[in-house]
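Biologist: I would like to learn how to read this structure. Could you take me through it feature by feature?

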Amino acid sequence: MNNRFAGIDIGSRTIELVVVDEAGKIVRSLQADTGYAPMRTAEKLLNGESFDRIMATGYGRNLFEVAFDASTVTEIKAYARGVRAFFPTALAILDIGGQDSKAIALSDAGKVRKFEMNDRCAAGTGKFLEIMAQALNYHLDSFGEAALLSTKQLTINSMCTVFAESEVTTLITGGENRNDIAHGLHVAVVQRAANMLRRVWTGGPVVFAGGVARNTCILHLLEENIGQKVFVPEDPQMVGALGAALLVSDDV
Amino acid sequence: MFEETYLTRIEERVFKDTILQKETGAKIVGVYCAFTPKELIAAAGAIPVALCSGTSQAIPAAEAHLPRNLCPLIKASYGHALNDTCPYLHMADYLLADATCDGKKKMFELLADLKPLSLLQLPQTAETPESHASWLQELYRIRALLERRTGISITDAGLLAQIRIYNTLRATICEVFALNCGEMPLLYGYEIDHITSMAGFECNLPARIGEMREAIAAVHQRSKDTLFQKKMQHRPRILLTGCPSTNKKVLKLIEENGGVIVAMENCGGLKTAGFGVDETGDPMESLAKRYLDTACACMSPNPRRIDILKKLINEYRVDGVIELTWEGCHTYNIEAFTIERAISEQFARPYLHITTDYSQNDTGQLKTRIEAFLELLA
């Protein structure tokens, strides 16, 4: 049998598993909600999968390292490797995940040149959008689409989930349309993310990855904000796991 | 080799020496920042001691009086005073505090209710003759104040003797750091931290210097230790800069995740130990010059800090620079922008800026950031 390499990305909200063949082609791609027992979820995902070596990334990487005797890599390096497999000329990555966000600048050769990451606060990440969607009674998957229907500019000042929720309540009781409020929230998230990107980005193609890259309104506003097209991988949540799989395959 | 127990032994020795000296009537003077010339205190027969400010336990108490978004170092200092949980502050007869940043000097106003405190009025620049003149006047005022408090008059000869001892101490600390200049670093940052620590009261400095020299001699053996070298050789060499690393969580994370802190540009480290007092001129003028030149971010402008960084990056063959700033420390947090530009553009080294406090709740995120930075250097 040919060699197979796996990467597992244990994030705060979801776990992704990707298996590649010797040529780096994706042969398996799986996802599950992390839940409260990440190692049990990981074990279930791995059940029945065959591969020669595995590398773990994401916030649960060290738990996995101990439980499954795997090598590890940070999300930052894994994203750099994974993104380059889709977009070989990318020079910057914006990743907004469930509880953190990061901006990564790449060298021409694809090495991490510089990065920025949010601090302990999950403001402006996937979790923030999730709670705001709930507050406005949207399903998360349609939150972005609804925001795109907005016809009025509203400014949301708070990025803290608790403060933003009370700001949203004030706007609702003020009679504002919920699509407009949704739009205002999206603008606030993008403003923050674009500022983080600008701290590392010195021009060139930008890739947007992580779960929030599925949100069409965020993508649209991001392109508008930085004044150029932004590329999104077909499956933006798999980038970390793919990167880890490719890195372990590079090692061999 | 130089674990917590190493330091505890020295702390016990220092404590005994202090009790002996205190019994002969010596006063204990608590100090805060790096602008206070300890030579003056020692020349008045008193014992200088730096006060506790590195742990989070006392912070909740401090937040009853101080704003929550103030830097943890200031909150911790004040909290220890409120709770009476710092043995050094407890034993201090009075405090000599330098008016550095806004947070410190306003906190000192509150602290003065708990302990007799005198403030050193610090100019905000070292760049003008006027600021030097006023600082020299201020040191004369402090000299007279110390003489009144201790009943001992400070002579120029006595002051010069203390300048010499402190110069030897600073030079010895530099020698400890210099063990990391070669191709193979011989010390971890946490070890440097323990070996060069003042271990509390600054009394019997010759003994403390002797202990540092013993450590230096022992560390030299490592250059023949292949096991040690094997562990050390692939570690990226980090220069730590920024706020005083009073709390050790970031220092620990850097070394636990595969780096080695070869040098530290911060207070107590090479920012302060790297510079001696001129022993040939008028001792008061020499003291004033040396101390006003401290490259703290509370000074504006602060060009010396870049000069020091440049020198250390070359001397210690630094792979990457990590700047640690405490949340709420406006001066260092703003200056970080200038430092980052100098490090990446002038000195072409990767730079990571970490802003945090003393709590443990961001350890996961910090670990990822530090690990990713070390990956980038590998």
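Modeller: What follows goes from the whole of one chain to its interface and then to a single residue.

Modeller: This is a predicted model, where local features need pLDDT of at least 70 and side-chain atom pairs count only at pLDDT 80 or more, while totals for chains, interfaces and linings use all residues. Residues are numbered from 1 along each chain as its sequence is written, chains are lettered from A in the order in which they are written, and side-chain values use heavy atoms, without hydrogens and water.

Biologist: How many helices and strands does chain B have?

Modeller: Helices (H or I, at least four residues) and strands (E, at least two) are DSSP runs, numbered from the N terminus. Chain B has 17 helices and eight strands.

Biologist: What radius of gyration does chain B have?

Modeller: The radius is taken over C-alpha atoms, and the globule rule is 2.2 Å times the number of residues to the power 0.38. For 378 residues, a compact globule would be near 21 Å, and the 20 Å of chain B agrees with that. The C-alpha atoms fill a box of roughly 60 × 45 × 40 Å along the principal axes.

Biologist: How many residues of chain B are in contact with chain A?

Modeller: Contact means heavy atoms within 4.5 Å. By that rule, 18 residues of chain B meet 19 residues of chain A. Buried area is the accessible area (1.4 Å probe) that two parts lose on being put together, summed over both. Here the two chains bury about 1,500 Å², 47% of it on carbon and sulfur atoms.

Biologist: How many salt bridges cross the interface of chain B and chain A?

Modeller: A salt bridge is a side-chain nitrogen of Lys or Arg within 4 Å of a carboxyl oxygen of Asp or Glu. The rule finds two across this interface. In one of them, E371(B) pairs with R61(A), the closest N and O atoms being 2.8 Å apart. On the side of chain B that touches chain A, β8 (351–356) and α17 (363–377) each supply at least two residues. The largest share, nine residues, comes from α17(B).

Biologist: Is N247(B) buried or exposed?

Modeller: Buried means under 20% relative accessible area, exposed over 50%, and partly exposed in between (1.4 Å probe, protein chains only). N247(B) is buried because its relative accessible area is 10%.

Biologist: Where is N247(B) placed, and which residues does N247(B) touch?

Modeller: N247(B) sits in the loop between β5 (237–242) and α12 (249–256) of chain B. Not counting residues up to four places away in sequence, N247(B) touches G54(B), T55(B), W326(B) and Y358(B). A polar atom of the N247(B) side chain lies 2.9 Å from the backbone oxygen of G54(B).

Technical notes: Polar contact = N/O pair within 3.5 Å; in protein donor to acceptor, adjacent residues only side chain to side chain.
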